[in-house]
Amino acid sequence: MTTIERVESSTGQEDEIAVTIVDTDVHPLPVSADVLMSYAPAEWVDKIWPTGNAVAPVPHFYDTPDSYKTMSLRLDAAPPNGGIAGSDPDFAAKQLLLDAGVSIATLEPMCDAHLPQAEHVLKSTYNDWLADVWLDKYNWHGRWRGSISVSAQTPEQAAREVERWAGHPYMAQVLMTPQTRGIPFGNPHFDPLYEAAARNGFPVATHLMGQTPFELIPLYPVGNPAHWHDFFASWPLLYVSHLMSLVFDGAFDRHPDLRVVFVEGGFTWAMPVMSRMDRIWEARRGDLPHVRRRPSEYVREHVRFTTQPLEDTDTVGFREYLEMMDLGDNLMFSTDYPHWSYDSPTYAINRFPAEQRERIMRGNATALYGLPATVKALPGER
Amino acid sequence: MTPIIDANVQPHFRYNAEIRRYLPDAHKLRSIPDVEQQWYQAPGGDYRQDLYGENYPGSDPETVSRHLFSQGVDYAILNPLTRGNIADYLLNSRICAAVNDWLLDRWLEPDSTNRFRGTMRVNPEDPKGAVAEIERLATHPKLVQVGVPMQSREPYGKPMFEPIWEAAAAHGLPVAVHINGGNGVDHPPTFAGHAHTYPGYAAFMPLNYFVHLATLIVEGVFGRHPRLKFVFADGGYDILTPLMWRLDTFWLSMRDQTPWVDRYPSEYLPGHVRFCSSAFDGPVDAGKMQRWMDFTGKSDLLMYGSSYPHWSTSTPGVMAEGLDGPQRDKVLWRNASELYGLAVRESAL
Amino acid sequence: MVQQVPTRRFVCSLDELPPGGMKLVDVGKFGVGVYNVHGALYAIVNYCSHEGAPLCLGLIGGTNESAPQSPDRMRRVRDGQIVRCPWHNWEYDVTTGQNVADPRRRVRTYQVDVSDGEVYLTA
């Protein structure tokens with residue numbers, strides 16, 4: 001393991017730097033299956049890891065470029081002392097916090113299991129591992145934040161899991177898959193989870209969880225594309241579906257303090273979707289007695305979007321579009337480190353209209369997650 | 001007065017049994033979904049309240065003619081619904097042929113105004129039958145496009161459908177994709193499953209066009225058929241900009257898996273893609289309309305479509321609100337005039 | 001910005017840079033990667049024109065071109081001369097510096113020569 005030298009602080013003051021960039025999507029991995037399993041209840045180990053191999057690369061039915069070699073990771077993010085990219089907290093700190101200039105990063109592990117109870121136990125195990133390794137042992141600098149992973153299949157147990165972590169100094173949000181086996185986010189099925197999350201001040205974030213088990217392969221309404229290219233270009237429509245359900249099924253009315261974060265699903269679609277929802281709501285108010293407000297208002301108040309992957313279109317037009325969209329309070333910068341489609345902070349900041357930059361790079365995430373204004377500097381960082 | 005071409009009108013049968021007159025004897029006793037059947041029906045009826053009367057809304061050519069042509073519409077493209085992707089694909093093809101024969105018999109051939117044009121419906125689940133139907137009707141001067149449903153268990157870029165698009169393109173016929181009626185064996189309509197509200201369904205359903213479009217590009221269908229044009233007739237074109245940006249961006253990464261895509265995906269749009277407008281598209285703030293339409297060159301792609309007699313029937317004035325002069329012309333008639341080869345009155349030019 | 005005057009620099013002996021290999025030279029702000037492509041030598045800047053990734057840390061190999069007559073409609077070509085950015089996997093031809101998909105997007109190339117079995121880069 002690489003180690004970043006802990007800076008011994010005498011006075012404390014001179015070790016602090018201003019928070020300028022918050023990264024709202026980083027993927028940590030356990031360094032080995034054994035390490036992860038050590039956090040699981042003994043009686044579940046054989047059930048969840050029958051092959052004894054929790055961190056082996058999963059099949060990519062839609063595979064990313066050269067994935068046999070890259071495994072969807074940045075080739076330059078492999079830790080020099082061994083292990084898979086994202087498994088070494090100190091090397092991640094070096095590349096992301098020191099080299100890329102990120103001040104605080106939100107960690108989002110990815111895991112799934114086929115059966116509900118097993119998935120709940122697996123997610124809880126990840127929470128214990130994350131809290132112990134990334135949020136404690138390797139967090140002397142306090143710059144990692146974590147996600148409370150919960151199973152979409154077990155909302156009551158998910159609520160109890162949220163309670164278990166309430167008050168933890170570094171857990172910042174709840175994390176759930178958007179691949180919810182045909183149950184859209186606005187469905188009352190999720191109410192126990194939303195109630196607990198909102199009450200404890202945790203936003204509920206969602207992120208693609210992968211292509212196994214079987215039922216997590218997203219089946220698109222008009223059938224599936226053959227390549228990752230058009231599969232992932234269409235992926236935002238899953239978030240659109242969930243957002244429309246949250247609005248039209250009244251989830252935001254039932255949970256006024258709920259905040260939802262859509263991760264890695266784009267955000268420029270929010271403008272046409274907001275106006276589409278507004279027009280239909282205006283025309284069909286009678287069908288929606290439980291939806292008291294204009295849909296776009298719910299989006300502005302309740303929803304956040306992370307920015308990666310940024311679209312590669314002309315800068316001037318892109319900034320103009322973002323100005324028109326006027327969601328400068330709802331976007332949060334992200335890198336997706338250590339995945340291959342990583343956005344660098346220096347590239348990203350230039351993509352946004354000047355007057356939205358500070359909010360997108362820092363302010364919105366700081367407000368949402370209650371982050372501090374300064375953090376401890378790493379050695380060599382100023 | 002600006003010419004107006006209404007590129008999306010749904011004519012209906014007068015009553016359920018009417019379709020059986022056009023079905024071959026072998027199928028006359030089969031169960032067929034009713035005229036008004038939809039998996040997700042709008043509460044209070046799918047059609048304009050004022051049009052429900054003795055017969056089904058949109059079922060009387062004279063009434064439709066009065067409602068459209070007397071209001072300044074020069075041409076109306078009729079795109080009839082069929083009865084869904086029912087399991088028996090051969091019966092479905094016979095239903096399509098019956099609808100086509102009815103359209104000719106009741107709407108197009110007796111039309112003395114010469115302002116109605118029509119869509120020949122085919123069943124993509126029966127590619128041989130679809131090609132045969134195109135060959136049967138392609139030379140009819142009043143049938144200006146081929147029609148297929150939005151609903152499908154496979155996206156239209158997949159290889160099993162290509163002979164259909166090839167036949168359409170060979171005859172210079174655009175292919176119009178429109179949400180179908182009836183009760184098909186379909187996947188849930190949203191990416192997250194079934195909607196629990198009608199607005200939750202209606203807001204999302206048209207956006208599924210993007211997966212058809214993306215596969216037509218990425219599988220190389222547009223590349224192999226330079227003359228092929230698709231019309232996405234239920235609107236949803238606003239989301240074209242963000243999603244095409246995404247498709248363009250990932251092309252640079254993914255090109256080696258589909259190397260026949262030899263240009264940015266968005267470069268296929270002008271030559272291959274058109275949209276009909278809907279009541280749910282466009283910015284709520286009309287002041288943004290001009291700039292909105294410039295992104296992704298949408299004003300070259302869009303054609304006015306009223307969706308008459310749907311409850312959301314729109315009018316040209318409302319649809320064109322906020323557009324500048326050239327954009328108005330393109331959207332209200334010029335794009336459709338070029339696509340369908342429709343000459344507009346000289347006095348209006 | 002201070003421009004460095006290009007100078008001819010010793011990189012390594014040719015034996016140390018066999019075909020298929022790459023040597024990263026610490027010159028300029030980002031470095032330069034020197035490639036041996038089947039015996040011919042090329043150099044590109046170690047900076048992807050997309051988001052600034054260390055381009056030369058990416059896989060070097062070939063790419064696919066369209067071949068309508070073959071069953072999978074493609075064939076492998078340009079073996080050994082295409083580098084894929086380690087971030088977004090954009091493909092660049094090291095012999096020209098051009099992006100394969102969009103040749104208008106390019107990275108800077110540099111002169112490499114071999115003299116007496118020694119590799120020299122002018123950068």
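Modeller: Let's start with contact: two residues are in contact if their C-beta atoms, placed from the backbone, lie within 7 Å. Leaving aside neighbours within four places in sequence, B:Pro189 is in contact with A:Pro221, B:His194, B:Ala195, B:Tyr201, B:Phe204 and B:Met205. Keep in mind that this is a predicted model, where local features need pLDDT of at least 70, side-chain atom pairs count only at pLDDT 80 or more, and totals for chains, interfaces and linings use all residues. Residues are numbered from 1 along each chain as its sequence is written, while chains are lettered from A and ligands numbered from 1 in the order in which they are written.

Colleague: Why is B:Pro189 called buried?

Modeller: A residue counts as buried if 20 or more other C-beta atoms lie within 10 Å of its own, as exposed if 12 or fewer do, and as partly exposed in between, with C-beta atoms placed from the backbone. B:Pro189 has 24 other C-beta atoms within 10 Å, so buried is the word.

Colleague: And where is B:Pro189 found?

Modeller: In the loop between β5 (175-178) and α5 (198-204) of chain B. Those labels come from DSSP runs, numbered from the N terminus: helices are H or I with at least four residues, strands are E with at least two. As for B:Pro57, which is 132 residues apart from B:Pro189 along the chain, the two C-alpha atoms are separated by 25 Å.

Colleague: What makes β5(B) covered on both faces?

Modeller: B:Val175 and B:Val177 on one side are buried, and so are B:Ala176 and B:His178 on the other.

Colleague: How do you know that β4 (residues 143-149) of chain B pairs with β5(B)?

Modeller: Two strands pair if DSSP finds at least two bridges between them. Here four bridges join them, and the strands run parallel. B:Val148 stands opposite B:Val177 in β5(B).

Colleague: Over in chain A, why is strand β2 (residues 22-26) called largely enclosed?

Modeller: Five of the five residues of β2(A) are buried, so the rest of the structure largely encloses this strand. Three bridges join β2(A) to β3 (residues 104-107) of chain A, again running parallel. A:Val22 has A:Ile104 as its bridge partner in β3(A).

Colleague: Back to chain B: how does the reach of helix α2 (residues 89-108) compare with what is expected?

Modeller: The expected span of a helix is 1.5 Å times one less than its number of residues. α2(B) has 20 residues and reaches 26 Å from its first C-alpha to its last, close to the expected 28 Å.

Colleague: What makes chain C as compact as a globular protein of its length?

Modeller: The radius of gyration is taken over C-alpha atoms, and the globule rule is 2.2 Å times the number of residues to the power 0.38. For 123 residues the rule gives 14 Å, and chain C has 15 Å, so the description holds. Chain C has zero helices and nine strands, and its C-alpha trace spans about 50 × 35 × 20 Å along its principal axes. Of the 123 residues, 39% are buried.

Colleague: What does the same rule say about chain A, with 382 residues?

Modeller: A compact globule would have a radius of gyration near 21 Å, and the 20 Å of chain A agrees. The secondary structure of chain A comes to 15 helices and ten strands, and 56% of its residues are buried. Among contacts in chain A with a separation of 6 or more, residues 24 or more positions apart account for 81%.

Colleague: Which element gives the most to the side of chain A that touches chain B?

Modeller: First the totals: 53 residues of chain A are in contact with 55 of chain B. α11(A) gives the most to that side of chain A, with ten residues.

Colleague: And how confident is the predictor?

Modeller: On pLDDT, the predictor's confidence in each residue from 0 to 100, chain C has a mean of 96, and 98% of its residues reach 70 or more. For the complex, the predictor gives an ipTM of 0.97 and a pTM of 0.97.
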